[in-house]
Amino acid sequence: MKKYDVIIIGAGVSGCAIARELSRGRRRVAVLERASDVCEGTSKANSGIVHAGYDAVPGTLKARLNTLGSRKMESLSRELDFPYRKNGSLVLCFEREGIKALEELADRGKKNGVDDLKILRPDEVWEMEPNISPEIAGALYAPSGGIVCPFGLNIALAENAAVNGVDFYLSHEVTEIAVQKEDRGIKQEKGRKRGEGHYRIYAGKEVFLSPVVINAAGVYADRIHNMVSSRRISIVPRRGEYCLLDKKAGNMVRSTVFQLPSKMGKGVLVTPTVHGNLMIGPNAEDISDKEGVNTTACGLEQVLDQGRASVKGVDPGLLITSFAGLRAHLTGEGREGDFLIDEADDAEGFFDVAGIESPGLTCAPAIGEYVAEMVNKKYPVPAKQDFQPYRRGIPNIAKADQEERKRLIASEPSYANVICRCEMVTEGEIVNAIHRPLGAVTLDGIKRRTRAGMGRCQAGFCSPRVLEILTRELGADPMLIRKAQPGSEILQGRTKDSLAQDFQRKGEPE
């Protein structure tokens with residue numbers, strides 16, 4: 001049995017932000033994650049938008065954390081070395097009657113503390129963004145809007161938390177939580193207050209004991225909550241589909257371009273990414289499958305059609321991939337429209353961080369601080385004197401200047417060996433990604449950390465070499481190397497003899 005002062009369930013961006021903040025204190029913290037890597041759920045499949053803060057209803061927790069999170073993102077990106085850019089955002093309306101709705105958004109934003117909002121005439125919009133639709137009647141401009149790498153943010157928070165003493169247990173799905181009196185070792189009834197007892201958590205064939213549990217389990221947060229509380233909650237997965245276009249389309253717009261939001265969300269957006277691509281999406285569809293991340297032909301067609309309505313000249317021929325993500329939409333009377341971040345009424349020491357849908361990524365830094373404050377208030381501990389707030393990311397040869405490239409190659413020659421030609425990712429970067437704190441063990445783990453496989457060919461050329469490097473550096477059986485989760489082994493059906501022949505062809509051109 002492993003004992004901790006705090007256990008966090010979920011290694012998405014919210015869970016990892018909380019872990020980092022709690023690691024500032026002298027306490028033992030663990031994160032339990034059902035997947036084999038961090039950033040495997042909602043956090044890996046979203047727009048990567050840092051929302052300015054004009055959309056959430058004033059007075060809600062969502063509005064407060066949105067504004068705070070947006071303000072923290074730039075300084076956090078410098079501390080933890082992940083890609084972020086303040087590119088501004090536009091909300092378009094296509095009818096004169098829509099100007100009133102833009103004004104209401106601007107007023108809402110001001111109430112939320114966003115003071116730099118402007119209503120623009122069509123000619124002012126076209127001067128900023130020549131490719132915006134000629135059909136618009138006006139737009140709301142938010143200069144403080146930004147874009148971020150969602151993988152980069154999540155992984156940076158996790159790595160920094162790990163360096164500061166947080167233990168991560170990957171492939172540890174929580175299957176049961178019981179309330180136990182520590183001195184007697186007996187289970188209490190579900191929903192009964194903890195008192196001086198502890199939570200007994202069963203995960204990954206291990207048992208964990210802690211007086212504090214933080215439920216940051218994304219679309220599964222209802223399942224975790226309902227293990228301990230009689231006051232049940234329900235989360236509906238809201239699927240959003242996206243189209244990602246080649247970097248040739250990346251400069252079509254500089255700002256993030258929204259359409260007027262609806263009750264289902266902020267609508268289909270068109271945005272550059274921090275890596276130079278163009279992204280369009282998402283649509284919104286409530287589904288029952290918490291693993292339903294498949295895309296649909298009609299959904300992607302809808303996304304592209306709405307994207308072309310905002311930005312003229314969007315070329316579907318430049319589409320390089322599509323994907324879908326799930327938003328954790330909290331349902332039930334009095335619950336919709338805001339996050340649920342609080343201690344459960346009937347389960348002392350059990351804190352929910354549930355219903356974290358858009359703008360959850362933006363809110364993450366503020367969510368981390370907010371939850372840490374709640375825990376610190378109830379269970380105070382001294383601050384660490386040796387907390388390390390800084391983290392250096394993986395060197396990026398593609399963006400490095402000539403002097404930096406020379407320095408890296410001189411220190412490690414493998415930085416001169418390009419593996420992914422589309423994104424110019426080198427062997428040195430891939431090796432770095434494997435041996436970092438919480439290092440990559442799958443092809444997708446390498447992709448999220450280095451972008452190897454995210455380019456035009458979508459890993460068509462580089463995946464065999466990445467597989468080879470993973471096999472070598474991990475000392476693993478190549479037959480066991482996976483794309484992502486168990487069941488996605490790359491070499492299923494291959495013989496070891498044929499694999500050895502492939503690995504010997506190192507000198508042949510790709």
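Does Lys-44 count as buried, partly exposed or exposed, and at what relative accessibility? At 30% relative accessibility, Lys-44 counts as partly exposed. Here, buried is under 20% relative accessible area, exposed is over 50%, and partly exposed is in between (1.4 Å probe, protein chains only).

## About the model

This is a predicted model, where local features need pLDDT of at least 70, side-chain atom pairs count only at pLDDT 80 or more, and totals for chains, interfaces and linings use all residues. Residues are numbered from 1 along each chain as its sequence is written, and side-chain values use heavy atoms, leaving out hydrogens and water.

## Lys-44 and its partners

Lys-44 pairs up with Glu-40 in a salt bridge (a side-chain nitrogen of Lys or Arg within 4 Å of a carboxyl oxygen of Asp or Glu), with 3.3 Å between the closest N and O atoms. Glu-40 is buried, at 12% relative accessible area. Both belong to a salt-bridge network that also takes in Asp-37, Arg-448 and Arg-449.

## A pair within a helix

Asp-444 and Lys-447 form another salt bridge, their closest N and O atoms 3.6 Å apart. They sit three residues apart in helix α11 (residues 443-450), so about one helical turn separates them. Helices here are DSSP runs of H or I with at least four residues, strands are E runs of at least two, and both are numbered from the N terminus. Asp-444 is buried at 7%, while Lys-447 is partly exposed at 21%.

## A link across the chain

Arg-34 and Glu-173 meet through their side chains in a salt bridge (4.0 Å, N to O). This pair ties together distant parts of the chain, 139 residues apart: Arg-34 lies in the loop between β3 (29-32) and β4 (49-50), and Glu-173 in the loop between β10 (167-169) and β11 (174-181). In total, the structure holds 36 salt bridges.
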